[in-house]
Amino acid sequence: MKPSHIEHIGIAVKDLDNAIPYYEKLLGSDCYAVEEVKDQKVKTAFFKVGQTKIELLESTDPEGPVGKFIEKKGEGLHHIAFAVSNLGERLKEAAGHGIRLIDQQPRKGAEGLDIAFLHPKSTFGVLTELCEDKSK
Ligand code: CMX
């Protein structure tokens with residue numbers, strides 16, 4: 001895969017309005033964007049830590065992926081996202097190694113990135129996202 005860096009770390013929270021002030025104090029920087037990703041049934045809030053972002057995820061629907069996660073496991077670390085190039089090729093490579101793909105093809109995620117998820121059951125329990133920024 002050779003990711004260039006950790007693009008972001010996704011953290012599931014019950015309420016962005018409660019969580020944002022904590023992260024602003026912890027990181028010493030303001031939340032720079034809040035965005036709803038309708039097809040993922042989440043509202044997101046972003047912070048920067050060097051080249052990496054922290055993405056807070058609040059569910060907008062109890063049946064969405066984050067709603068179900070919080071119901072089962074509570075708030076906490078939800079996924080890790082790696083920045084890669086040629087995402088379509090990386091997905092073929094992962095499938096060729098027997099890794100279960102959640103997304104067979106790249107799709108649009110927050111901040112206009114192309115994204116795809118790998119299933120946590122084939123990535124040692126960590127929901128893994130691959131991201132490509134085609135604007136760069
Ligand atoms: N991390 C680790 N394990 C997870 C997980 C997560 N985030 N979410 C679910 N699981 C586990 C479940 O606990 C379950 O484990 P057990 O069988 O041991 O209980 C297993 O994965 C499969 O669960 P499931 O009931 O079959 O599937 P779900 O309906 O819970 O869906 C998943 C799980 C990962 C396939 C689904 O959440 C998904 O497609 N996620 C990708 C999209 C996403 O997460 N979007 C939100 C973020 C969007 C953004 O960043 O913008």
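These legends describe close-up views of a predicted model and its ligand. Residues are numbered from 1 along each chain as its sequence is written, and side-chain values use heavy atoms, leaving out hydrogens and water. In this predicted model, local features need pLDDT of at least 70 and side-chain atom pairs count only at pLDDT 80 or more, while totals for chains, interfaces and linings use all residues.

View 1. The shell holds 19 residues (a residue is near a molecule if one of its heavy atoms lies within 4 Å of it). Gln40, Lys68, Lys72, His78 and Lys121 are the closest. By class, the shell has eight nonpolar, five polar and six charged residues. Here Ala, Val, Leu, Ile, Met, Phe, Trp, Tyr, Cys and Pro count as nonpolar, Asp, Glu, Lys and Arg as charged, and the others, Gly among them, as polar.

**View 2. Elements around the ligand.** β4 (52–59), α2 (65–73) and β5 (76–83) each give at least two shell residues. α2 provides the largest share, six residues. Helices (H or I, at least four residues) and strands (E, at least two) are DSSP runs, numbered from the N terminus.

View 3. A side-chain N or O atom of Lys72 is 2.5 Å from a ligand oxygen. For Lys68, the distance from a side-chain N or O atom to a ligand oxygen is 2.7 Å. A polar side-chain atom of Lys121 also lies 2.7 Å from an oxygen atom of the ligand. Each is a polar contact (a pair of N or O atoms within 3.5 Å). On its own the ligand has 960 Å² of accessible area, and the protein covers 72% of that (Shrake-Rupley method, 1.4 Å probe).

**View 4. The open sheet.** Eight strands form an open sheet with mixed pairing, in the order β2-β3-β4-β1-β5-β8-β7-β6. β2 (33–37) and β6 (107–108) are the edge strands; each has a single partner, so one side of each lacks a neighbour in the sheet. Two strands pair if DSSP finds at least two bridges between them.

**View 5. β1 between β4 and β5.** Strand β1 covers residues 5–13 and is joined to β4 by six bridges, running parallel. Val13 has Glu58 of β4 as its bridge partner. Seven bridges link β1 to β5, and these two strands run antiparallel. His5 is partnered by Ala83 in β5.

Technical notes:
Polar contact = N/O pair within 3.5 Å; in protein donor to acceptor, adjacent residues only side chain to side chain.
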